[in-house]
Amino acid sequence: MKIEDFDKIVASMREIIVAKNADYAGTIDNISLTGISGVAVRLLDKVARVHSLTTREAAAQVKTESVRDTLLDIANYAIIGLMLLDNTWSKK
């Protein structure tokens with residue numbers, strides 16, 4: 001493993017979470033209402049999406065969502081879950 005490659009992926013994760021939070025006008029913070037169980041549901045949805053994208057013979061209907069993007073989302077939700085456990089996740 002090259003740490004530089006790891007760092008590039010982490011930078012991509014940060015860009016995605018910032019952009020999605022802006023796109024959803026902060027509604028990503030619904031997690032504050034649902035807590036860790038909400039994160040678990042979102043993780044299950046994302047894992048199901050990876051499974052669907054990698055096992056279906058038909059092409060994905062949503063052309064802009066790749067396996068890579070979905071894996072980045074999984075990593076972001078895992079970090080959000082950790083922040084919830086650490087009491088560092090907030091609406092701001």
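Reply: Asn76 lies in helix α3, where a helix is a DSSP run of H or I with at least four residues, and helices are numbered from the N terminus. The model is predicted, so local features need pLDDT of at least 70 and side-chain atom pairs count only at pLDDT 80 or more, while totals for chains, interfaces and linings use all residues. Residues are numbered from 1 along each chain as its sequence is written, and side-chain values use heavy atoms, with hydrogens and water left out.

Asn76 counts as buried because its relative accessible area is 8%; buried means under 20%, exposed means over 50%, and partly exposed is the range in between, with a 1.4 Å probe and protein chains only. Setting aside residues up to four places away in sequence, Asn76 touches Met13, Ile16 and Ile17, a contact being heavy atoms within 4.5 Å.

Helix α3 covers residues 67–85, and Asp69 is found there too. Asp69 has a relative accessible area of 28% and is therefore partly exposed.

Asn87 counts as exposed because its relative accessibility is 71%. Its phi angle is near 55 degrees, a positive value in a residue other than glycine.

A neighbour of interest is helix α2, whose buried residues pack against α3 and also against α1 (3–23). Among those buried residues are Ile31, Val39, Arg49 and Val50. Arg49 lies in α2 and is classed as buried because its relative accessible area is 18%. From C-alpha to C-alpha, Arg49 and Leu71 are 9.5 Å apart in space, with a separation of 22 residues in sequence.

The course of α2 itself deserves attention. Helix α2 (residues 31–55) spans only 29 Å between its end C-alpha atoms, whereas a straight helix of 25 residues would span 36 Å at 1.5 Å a residue; the expected span is 1.5 Å times one less than the number of residues. There is also a kink of about 75 degrees in α2, centred on Ser37. The bend at a residue is the angle between axes fitted to the seven residues ending there and the seven starting there.

Note on methods:
Helices (H or I, at least four residues) and strands (E, at least two) are DSSP runs, numbered from the N terminus.
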